[in-house]
Amino acid sequence: MASVLIALGGNVGDVRATFKSAISHICGATQAVLVARSSDYRTPPWGEEDQPPFINACIEIETSLDPMALLFTLHRIEKKFGRDRANEKRWGPRTLDLDILAYDNGTIHTPELTLPHPRLFERAFVLVPLAEIAPNRDIGGRTPHQALAGVPTQGIERLGDLA
């Protein structure tokens, strides 16, 4: 079984309810075990700033799917929750974004998938929830805790637990 870190994000609809359902779908569709789930965080939009704030979280799963099969499955789940990658604006609003951040300690460079995620260490909206569940995990020679020290985190707010 591989240990996989996945980032979740969205800013359209009831994102927190979407996350809850999407995580169930991820575990079911990949026959994965949920190892850890971060808190949800409200974060400022990144890239395209004229849009509502995002909600972001991270999970760790254990799965026997290979990285490409996992990517395909995550894209199917995004589509099920209303994401249309072909017609959306880059960095624009979305119902659900699922990104593989790391797959064990492996590196992959294909047109479809680069691991570790190439912009992981630039994005506080990913690093904050990731550092909550895997602060000292070695990802490409760095840890989320180390990387977080080098990025601004203003505007990121931990949300309380859902009732």
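Helix axes here are lines fitted to C-alpha atoms over the stretch in contact, and the angle between two of them runs from 0 to 180 degrees between N-to-C directions. With that in hand, welcome to a few close-up views of this predicted model.

**View 1. Helix 1 and helix 2 cross each other at roughly 140 degrees.** Helix 1 covers residues 15-30 and helix 2 covers residues 67-80, and their axes come within 10 Å. The crossing of the two helices is right-handed. On the helix 1 side, look for Ala-22, His-25, Ile-26, Ala-29 and Thr-30. They meet Leu-70, Thr-73, Leu-74, Ile-77 and Lys-80 of helix 2. Sorted by class, this contact has six nonpolar, three polar and one charged residues.

**View 2. Gln-31 has a positive phi in the loop between helix 1 and strand 2.** Most residues other than glycine have a negative phi. Gln-31 is not a glycine, yet its phi is about 50 degrees. Strand 2, at the other end of this loop, spans 33-37. Is Gln-31 buried or exposed? Gln-31 counts as exposed because its relative accessible area is 65%, and the cut-off for exposed is over 50%.

**View 3. Asp-104 also has a positive phi, of about 50 degrees.** Asp-104, again not a glycine, sits in the loop that runs between strand 5 (97-103) and strand 6 (108-109). Its relative accessibility is 34%, so Asp-104 is classed as partly exposed.

**View 4. A cis peptide bond joins Leu-115 and Pro-116.** Most peptide bonds are trans. Here, though, omega is about -5 degrees. Pro-116 belongs to the loop between strand 7 and helix 3.

**View 5. His-117 is buried in the loop between strand 7 and helix 3.** Strand 7 spans 114-115, and helix 3 spans 124-133. Why is His-117 called buried? Its relative accessible area is 12%, and buried means under 20%, so His-117 falls in that class. Which residues does His-117 touch, not counting residues up to four places away in sequence? They are Asp-99, Ile-100, Leu-101 and Arg-123.

**View 6. The charged end of Arg-142 sits over the ring of Phe-121.** The distance from this charged end to the centre of the Phe-121 ring is 4.6 Å. And how many aromatic pairs does a search of the whole structure find? The search gives zero.

Key: Residues numbered from 1 in each chain as written. Predicted model: local features only at pLDDT ≥ 70, side-chain atom pairs only at ≥ 80, totals over all residues. Heavy atoms only, no water. Phe/Tyr/Trp six-rings, centres within 6.5 Å; stacked < 30°, edge-to-face > 60°. Lys NZ or Arg CZ within 6 Å of the ring centre and 35° of its normal. Helix = DSSP H or I, 4+ residues; strand = E, 2+ residues; numbered from the N terminus. Left-handed = near helix turned anticlockwise from the far one by under 90°. Contact = heavy atoms within 4.5 Å. Nonpolar A, V, L, I, M, F, W, Y, C, P; charged D, E, K, R; others polar. Buried < 20%, exposed > 50% of the residue type's maximum accessible area, 1.4 Å probe, protein only.
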